Amino acid sequence: MRKVTLETRVAIEALVAELLWRLDHGKADTTWELYTEDAVSTGPLGDMDGRDAIKAWGERRAKVTGVLGRHLIGGIRLEWVGEELHGWTQYLTFRDSSENPLMPASVGEFREVYRTIDGEWKIARREINPIFGGMNAAAHAKRLTESAAT
């Protein structure tokens with residue numbers, strides 16, 4: 001079984017942390033840079049096929065300024081599956097739009113596939129899987145869609 005090196009683990013953890021920091025700090029319009037050209041993202045916020053779709057979503061999301069949220073992550077598991085590096089990251093999401101902002105709006109796991117492009121790790125596939133709070137995540141996605149449309 002192929003081992004995940006410490007260098008690779010640190011690079012992936014930094015990649016995931018950077019993505020979430022950008023989302024939490026009004027920089028969703030730059031998240032596309034962290035994905036491969038053929039990346040796929042699925043989850044409560046919709047399905048996006050390709051980096052251009054992720055870029056368009058991020059540009060719309062960055063215009064929605066009335067939502068404050070934070071992601072906390074941990075329990076990152078990495079495993080080589082053939083020639084692909086797969087990751088499972090546990091998350092908690094908090095939002096000020098929740099009934100009780102001190103309770104997680106969503107608890108779940110990111111299931112990802114990573115690939116190196118020109119020596120840099122990128123996200124090739126991202127699945128957002130709310131384990132608890134899926135209805136909250138869907139309501140949040142609807143609010144974002146409505147806000148971006150206005």
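Which residues does Tyr91 touch, not counting residues up to four places away in sequence?

Reply: First, the ground rules. This is a predicted model, in which local features need pLDDT of at least 70 and side-chain atom pairs count only at pLDDT 80 or more, while totals for chains, interfaces and linings use all residues. Residues are numbered from 1 along each chain as its sequence is written, and side-chain values use heavy atoms, with hydrogens and water left out.

Now the list. Tyr91 touches Leu72, Ile73, Ser106, Val107, Gly108, Glu109, Phe110, Ile128, Asn129 and Pro130, once residues up to four places away in sequence are set aside. Contact here means heavy atoms within 4.5 Å. Take Val107 from that list. Tyr91 and Val107 are 16 residues apart in sequence, yet 5.7 Å apart in space, C-alpha to C-alpha.

Tyr91 sits in strand E4. Helices (H or I, at least four residues) and strands (E, at least two) are DSSP runs, numbered from the N terminus. Tyr91 counts as buried because its relative accessibility is 4%. The cut-offs are under 20% relative accessible area for buried, over 50% for exposed and partly exposed in between, with a 1.4 Å probe and protein chains only.

Tyr91 and Phe110 form a stacked aromatic pair, with 4.5 Å from centre to centre and 15° between the planes. Rings of Phe, Tyr and Trp (its six-membered ring) pair if their centres lie within 6.5 Å; planes under 30 degrees apart are stacked, over 60 edge-to-face, and the rest tilted. Tyr91 is in strand E4 and Phe110 in strand E5, so the pair ties together parts that are 19 residues apart in sequence. Phe110 is buried too, since its relative accessible area is 2%.

Arg126 lies over the face of Phe110, at 4.0 Å from the ring centre. The rule asks for NZ of Lys or CZ of Arg within 6 Å of the ring centre and within 35 degrees of the ring normal. Lys55 meets it as well, over the face of Trp32 at 4.7 Å from the ring centre.

From Arg126, step to Asp47. The two are 79 residues apart in sequence and 9.8 Å apart in space, C-alpha to C-alpha. Asp47 belongs to the loop between E1 and strand E2 (48–49). Asp47 is exposed because its relative accessible area is 63%. Beyond neighbours within four places in sequence, Asp47 is in contact with Ser41 and Thr42.

Back to strand E4, where Thr93 also has its place. Thr93 counts as buried because its relative accessibility is 4%. Its contacts, leaving aside neighbours within four places in sequence, are Arg70, His71, Pro104, Ala105 and Ser106.

The aromatic count for the model is two pairs. Trp80 is in strand E3 and Trp121 in strand E6, so the pair ties together parts 41 residues apart in sequence. Both Trp80 and Trp121 are buried.

Past strand E5 comes a backbone detail. Asp118 is found in the loop between E5 and E6. Its phi is near 50°, a positive value in a residue other than glycine. Most residues other than glycine have a negative phi. Asp118 counts as exposed because its relative accessibility is 80%.

Last, the setting. The protein has three helices and six strands. Their order from the N terminus is α-β-β-α-β-β-β-β-α. Of the 150 residues, 37% count as buried. Among contacts with a separation of 6 or more, 50% join residues 24 or more positions apart.
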